[in-house]
Amino acid sequence: PAASAEPEASPERVAFVAGVAVKALLTAQDAVSTCSPPHVDSPTGRRRFKKGSGGRIYEEAFTLRCYEVGKCGQAKMMTIANLLQECAADHAQALWGEGNWCPLTMKEQHLAWAMSKQRIVLDRAPAWGSELLVETWFHENSRVSARRDWVVRDAKTGERVAGATSTWIAFNLQTRRLVRIPAELKGCFETCCPEDEMWALPAGGGGGVPDPPEGAAATEACTLAAQRVRRSDIDMNGHANNVCYVEWALEDVPQGVYDSCGLREVSIEFKREANYGDVVESVACELGEGAG
């Protein structure tokens with residue numbers, strides 16, 4: 001939810017990408033938007049556990065670079081998604097050692113974490129050169145999933161810029177199948193998570209992502225685009241990185257809508273992997289106010 005009154009919303013558009021649905025709420029241009037890929041080579045002190053958190057909340061400082069903003073000088077949604085991903089990865093390394101996304105016990109069993117859902121809400125779009133502070137933490141969610149949340153703040157003023165929540169599942173890198181979270185990780189959840197449950201966004205907010213309208217690609221209200229998964233899209237788990245889906249979905253939004261609106265929110269449900277060479281189709285449809 002934005003700190004200030006929300007502008008009047010224009011119609012929602014939903015783009016479906018390789019079994020992944022990205023729900024984008026488009027609002028007036030002066031409202032909000034988001035950003036693209038960053039890896040900040042942080043000097044000492046830019047990555048750390050938050051003071052007073054007992055090592056249960058991690059924070060990292062970032063500076064928005066010129067290639068991480070759009071033509072209006074504001075961060076793109078892909079930038080914000082990448083900042084969240086980078087902070088989560090560095091949190092994992094702080095817990096389990098350099099180069100490790102997960103504990104040794106998971107690596108020994110050929111297991112890895114994969115995101116199954118994510119929701120990002122922008123309160124305002126930060127500009128080129130902005131100093132941002134990203135906080136992240138996680139909680140056990142169920143036997144097969146964990147929840148990770150983030151809050152992005154203006155590093156100078158402390159003002160909230162964005163919030164995000166996500167669900168992660170453990171899967172086997174050899175069979176590519178979902179598995180239960182190893183019992184050995186129970187202790188990690190007890191010692192590494194905030195003692196009281198914390199949410200960056202209201203629990204249950206955003207709703208699910210609707211299925212595309214039947215025959216959507218054939219209607220005048222919808223546009224269709226196809227992209228081939230590139231080598232540069234592949235991440236350490238051997239499939240297209242989660243941020244690619246946001247980029248693919250937005251590529252299908254008509255230029256007039258893209259130029260006249262700001263992107264305030266995305267909700268993503270990852271339903272299957274996209275691998276190198278796959279052809280991914282995305283469909284963007286104008287659903288009208290209150291639809292979907």
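Because the model is predicted, local features are reported only at pLDDT of at least 70 and side-chain atom pairs only at pLDDT 80 or more, whereas totals for chains, interfaces and linings use all residues. Residues are numbered from 1 along each chain as its sequence is written, and side-chain values rest on heavy atoms, with hydrogens and water left out.

The protein contains five helices and 12 strands, these being DSSP runs numbered from the N terminus (helices H or I, at least four residues; strands E, at least two). Of its 292 residues, 50% count as buried, where buried denotes under 20% relative accessible area, exposed over 50%, and partly exposed the range in between (1.4 Å probe, protein chains only). Among contacts between residues at least 6 apart in sequence, 75% join residues at least 24 apart, a contact being defined by heavy atoms within 4.5 Å.

A search of the whole structure finds one disulfide, the term being applied to a pair of cysteine sulfur atoms within 2.5 Å. This disulfide joins C222 to C285, with an S to S distance of 2.1 Å. The pair links distant parts of the chain, since C222 belongs to strand β10 (residues 222–228) and C285 to strand β12 (residues 279–286), 63 residues apart. The torsion about the S-S bond of C222 and C285 is about 115°, so the disulfide is right-handed. Both C222 and C285 are buried. C188, by contrast, is in no disulfide, and the nearest cysteine sulfur, that of C192, is 3.5 Å away. With a relative accessibility of 13%, C188 counts as buried, and C261 is likewise buried, with a relative accessible area of 13%.

The largest pocket holds about 1,200 Å³ of space. On a 1 Å grid over the protein atoms alone, a pocket is an open set of points where a 1.4 Å probe fits, with protein on both sides within 12 Å along at least five of seven lines, and lining residues have an atom within 4 Å of a point; grid points are joined across faces, edges and corners, and the volume is the space filled by probe spheres set on the points. The lining of the largest pocket comprises 46 residues, of which D235, N237, H239, N241 and N242 lie nearest its centre. Elements giving two or more residues to this lining are α1 (77–96), β5 (111–122), β8 (160–172) and α4. By class, the lining has 22 nonpolar, 13 polar and 11 charged residues, with Ala, Val, Leu, Ile, Met, Phe, Trp, Tyr, Cys and Pro taken as nonpolar, Asp, Glu, Lys and Arg as charged, and the others, Gly among them, as polar. Helix α4 is mostly covered, eight of its 10 residues being buried, including N242, C244 and W248.

D233 is placed in the loop between β10 and α4 (242–251) and is buried, with a relative accessible area of 3%. A polar atom of the D233 side chain lies 2.8 Å from the backbone nitrogen of R230. Beyond its neighbours within four places in sequence, D233 is in contact with R228, H239, A240, N241, C244 and W248.

V69 lies in the loop between β4 (58–63) and α1 and is buried, with a relative accessible area of 12%. Residues up to four places away in sequence not being counted, V69 touches Q74, A75, K76, A127 and W128. V69 and W128 are 59 residues apart in sequence, yet 6.2 Å apart in space, C-alpha to C-alpha.

Conventions:
Polar contact = N/O pair within 3.5 Å; in protein donor to acceptor, adjacent residues only side chain to side chain.
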